[in-house]
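The sequence and the model come next.

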Amino acid sequence: MRKQTKEKIAIFYMIITMILIFNISYAMDLEIEKELDIRQIIANNSQSIKKEEIITKEKDLEYTTKYIENPELPKGMLQVMQEGIDGKQEIYTKKIYEGEKLISEEEIGSKVTKSSVNKMIAIGTAPYANNYKVKVGDNIFVTSSLLAVRTQANEKANKLISLNRDTQVKLLQKKENWYQVQYQSYTGWAKAECFTYLDPNSSKEETSGTSQYTRQQLLNRLNFSMALNKPSGLSLEQFKKIFANEPKDTKNVFKNNAQYFYYAEKQYNVNGVFLAAVAIHESGWGGSSIASNKNNLFGYGAYDRNPYESSYQFNDYSEGIDLVARVFAKYYLNPAGTKIYDGNKAAGTYYNGPTLAGVNVRYASDKNWANGVYTWMKYLYKKL
């Protein structure tokens with residue numbers, strides 16, 4: 001009897017021990033599972049946490065251009081009276097990350113650290129034109145109020161001397177946008193756009209009108225993939241013609257500013273019809289509030305969060321046309337390092353080819369933007 005009792009007690013203890021071992025093992029499994037769950041939750045949460053950072057970058061502050069009519073210059077002629085100088089500004093950009101992934105980026109403000117200097121250009125309005133091309137050996141005259149003559153054809157080269165407006169020099173050599181000139185004992189380089197062949201002390205003579213391409217020749221050039229970093233070839237009169245008697249231009253914004261698309265084309269090698277088509281597309285023929293109230297046909301400077309308040313204010317439409325033409329040439333239409341206007345080199349920051357499709361990649365979030373602009377280009381070309 002005692003033996004059976006002992007056996008029962010032993011079996012009882014064995015069962016209790018097995019239960020304890022099972023519970024301990026189960027508890028350990030639960031702890032491991034809980035630990036794994038917690039790790040997974042932490043990992044998931046880490047990926048979904050949003051982080052913000054503010055990035056500061058220095059960027060050129062583009063100068064504006066002032067046009068002044070001069071009835072003593074041949075029609076359509078441009079003379080630089082004061083060189084434009086870019087300033088500097090700090091651009092503040094907010095970036096938002098989800099984990100390590102960048103999910104949004106937006107410019108939220110800017111601060112001017114160095115003011116720009118306006119460019120001043122005289123435009124001829126006399127009822128005659130002159131096609132004379134300056135040749136090596138000609139005596140030419142300074143048009144800028146104060147012109148730096150440098151040791152090399154480079155804006156950063158050392159300055160030899162500064163010349164006042166109307167100073168006569170001799171042209172020794174041409175090099176892209178620069179002239180090598182001789183003044184007294186000095187020989188150096190200065191920007192070609194700051195000289196004229198017209199003697200300020202002599203009377204102006206009437207000559208024949210400017211040459212131009214025919215309507216058919218210009219239409220033959222038009223296509224969706226045309227290079228926009230080349231002039232359209234339209235004359236001043238042709239630019240005026242395409243905006244004359246235009247019923248969509250109810251406020252005569254484009255009719256009254258047609259010449260500035262031509263001047264921008266001549267100075268910056270940007271197709272002026274393309275420039276006008278972008279202005280039409282962005283402003284609804286000058287009818288938008290930004291265009292009407294801020295003389296800004298392109299919505300230039302507008303941020304998505306507050307387009308009206310962040311867009312640039314211009315004194316007149318010509319300033320915006322000129323500035324945006326330079327922005328296209330500098331950032332969108334030419335690869336980095338390309339020599340462009342005023343002896344500068346293109347930054348090429350948003351360059352994806354000099355075509356409508358190339359510009360569309362970084363200029364507009366609307367994938368159909370290029371097609372919309374091309375529709376207006378065709379509309380304008382067919383009015384020639």
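Which side chains meet in a salt bridge at 2.6 Å, N to O? They are those of Asp60 and Lys330, where a salt bridge is a side-chain nitrogen of Lys or Arg within 4 Å of a carboxyl oxygen of Asp or Glu. Asp60 is in strand β1 and Lys330 in helix α8 (residues 317–332), 270 residues apart, so the pair links distant parts of the chain.

The model is predicted: local features need pLDDT of at least 70, side-chain atom pairs count only at pLDDT 80 or more, and totals for chains, interfaces and linings use all residues. Residues are numbered from 1 along each chain as its sequence is written, and side-chain values use heavy atoms, with hydrogens and water left out.

**Overall chain**
- The chain holds 10 helices and 13 strands; helices (H or I, at least four residues) and strands (E, at least two) are DSSP runs, numbered from the N terminus.
- Of the 384 residues in the chain, 42% are buried, where buried means under 20% relative accessible area, exposed over 50% and partly exposed in between (1.4 Å probe, protein chains only).
- The accessible surface of the chain is about 21600 Å², with 50% belonging to carbon and sulfur atoms; areas come from the Shrake-Rupley method with a 1.4 Å probe, and for residues only the protein chains shown count as cover.
- Among contacts (heavy atoms within 4.5 Å) between residues at least 6 apart in sequence, 65% join residues at least 24 apart.

**Salt bridges around Lys330**
- Lys330 also forms a salt bridge with Asp86, with the closest N and O atoms 3.2 Å apart.
- This pair again links distant parts of the chain, as Lys330 is in helix α8 and Asp86 in the loop between β3 (78–82) and β4, 244 residues apart.
- Both partners are buried: Lys330 has a relative accessible area of 8%, and Asp86 has one of 17%.
- A network of salt bridges links Asp60, Glu62, Asp86, Lys88, Asp322, Arg326 and Lys330.

**Asp322**
- Asp322, a member of that network, lies in helix α8 and is buried at 1% relative accessibility.
- Leaving aside neighbours within four places in sequence, Asp322 is in contact with Thr65, Tyr67, Gln267 and Tyr268.
- The C-alpha atoms of Asp322 and Phe261 are 7.8 Å apart, while the two residues are 61 residues apart along the chain.

**Lys51 and Glu100**
- The count of salt bridges comes to 14.
- Lys51 and Glu100 meet through their side chains in a salt bridge (3.7 Å, N to O).
- Lys51 lies in strand β1 (residues 50–61) and Glu100 in the loop between β4 (87–98) and β5 (101–114), so the pair ties together parts that are 49 residues apart in sequence.
- Lys51 is partly exposed at 39% relative accessibility, whereas Glu100 is exposed, with a relative accessible area of 72%.

**Positive patch**
- Arg215, Lys241, Lys378 and Lys382 gather in a surface patch of positive charge.
- Patches are made of residues with over 30% relative accessible area and no salt bridge, with like charges joined within 9 Å and nonpolar side chains (Val, Leu, Ile, Met, Phe, Trp, Tyr) within 5 Å.
- Lys and Arg count as positive and Asp and Glu as negative, while His and the chain ends are not counted; the place of a charge is taken as NZ of Lys, CZ of Arg, CG of Asp or CD of Glu.
- Arg215 is in helix α2 (residues 215–221) and is partly exposed, with a relative accessible area of 37%.
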